[in-house]
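Here is a short report for a reader meeting this structure for the first time. Please look at the sequence and the model before reading on.

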Amino acid sequence: MVGNDNSLRTPLSRVRFLGSARLGAEENWMIRVSSAALIPLTIAFVWLLLTLLHKDYNGVRSELGEPLPAIVLLLFVVVGAYHMQVGMRSVILDYIQGQAREWALMANSFFAAALGLACLYAVLRISFT
Amino acid sequence: MAATNSTPTQPAQRPLSPHLGIYRFTLTMAMSIVHRITGVGLYVGVLLLAWFLIAASMDASAFATFSWFIQSIIGRIVLFGFTWALFHHMLGGVRHFLWDAGYGLDDPEREQLAQATLIGGLVLTIVVWIVGYIVR
């Protein structure tokens with residue numbers, strides 16, 4: 001939101017008594033909900049990676065083809081991509097101004113969605129082929 | 001209001017809100033910055049997970065390329081950094097949950113909490129890597 005430089009009113013007086021945008025709390029809450037989910041999912045994810053560490057291609061595929069590891073990965077990827085998007089959004093809003101902010105927010109959403117969907121597709125393909 | 005010497009075309013020199021340059025260094029401040037840096041690092045580092053999963057979903061030669069990279073010195077350093085960032089950021093999240101619940105905000109507790117998060121992240125990382133090298 002860019003203020004009108006020709007106005008004699010100060011930025012403060014333009015927003016005074018309008019109250020908050022009434023949009024902040026939801027983002028705040030969703031980063032916490034996804035954080036709470038990611039604590040057990042991260043532990044399960046690291047555990048899974050440790051079991052995969054010394055396996056070759058066929059070993060990795062048969063392990064990831066099992067339901068439980070695949071479900072852990074799907075949950076980690078879905079919640080992680082969402083958490084990434086919300087977290088990077090707040091970083092962008094802090095450091096980038098003007099039109100570059102809109103481009104950065106768009107790129108952030110595209111990156112998180114593409115990465116999440118690519119990982120989902122890969123896990124499902126391993127499970128079902 | 002008393003008249004000032006500044007010309008009307010210049011913006012008023014109002015005090016800005018205090019920022020990093022004016023505060024003395026504290027551990028909680030550094031941990032806040034590192035939490036954000038590890039978050040951005042993980043954001044980029046997840047590309048490695050995508051590479052791993054896509055390679056495993058393709059064929060043996062694609063997987064061999066990924067294996068070659070992750071077993072190289074640079075691959076191991078990147079993976080070590082990713083592991084640390086993951087644990088540090090996770091424990092940072094736990095710390096934020098404690099604060100949200102109203103615990104650990106006072107003077108000795110918040111410093112101890114920051115130290116515990118810092119040490120905990122390093123210890124978890126090293127333990128996981130030792131387990132990774134020993135257990136087969």
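The report covers a helix pair, one residue and a chain contact.

The model is predicted. Start in chain A with helix 4 (residues 67–95) and helix 5 (residues 99–128). The axes of these two helices come within 9 Å and cross at roughly 175 degrees. Angles over 145 degrees count as roughly antiparallel, so helix 4 of chain A and helix 5 of chain A are roughly antiparallel to each other. Among the residues that helix 4 of chain A brings to this contact are A:Leu73, A:Val77, A:Met84 and A:Ile92. Helix 5 of chain A answers with residues including A:Leu105, A:Ala112, A:Leu115 and A:Val123. By class, the residues of this contact are 16 nonpolar, five polar and two charged.

Now take one residue of helix 4 of chain A, A:Gly80. Is A:Gly80 buried or exposed? A:Gly80 has 25 C-beta neighbours inside 10 Å, so A:Gly80 counts as buried. Beyond its neighbours within four places in sequence, A:Gly80 touches A:Leu38 and B:Val46. A:Val91 lies 11 residues from A:Gly80 along the chain, and their C-alpha atoms are 16 Å apart.

Next comes the contact between the chains. Chain B gives 21 residues and chain A gives 23 residues. On the side of chain B, helices 1, 2, 3 and 4 of chain B each give two or more residues. Helix 1 of chain B gives the most, with 11 residues.

| Class | Side of chain B that touches chain A |
|---|---|
| Nonpolar | 15 residues |
| Polar | four residues |
| Charged | two residues |

Definitions and conventions
Residues numbered from 1 in each chain as written. Chains lettered and ligands numbered in written order. Predicted model: local features only at pLDDT ≥ 70, side-chain atom pairs only at ≥ 80, totals over all residues. Axes fitted to C-alpha atoms, helices over the stretch in contact; angles between N-to-C directions. Helix = DSSP H or I, 4+ residues; strand = E, 2+ residues; numbered from the N terminus. Parallel < 35°, antiparallel > 145°, perpendicular 65-115°, else oblique. Contact = placed C-beta atoms within 7 Å. Nonpolar A, V, L, I, M, F, W, Y, C, P; charged D, E, K, R; others polar. Buried ≥ 20, exposed ≤ 12 C-beta atoms within 10 Å, placed from the backbone.
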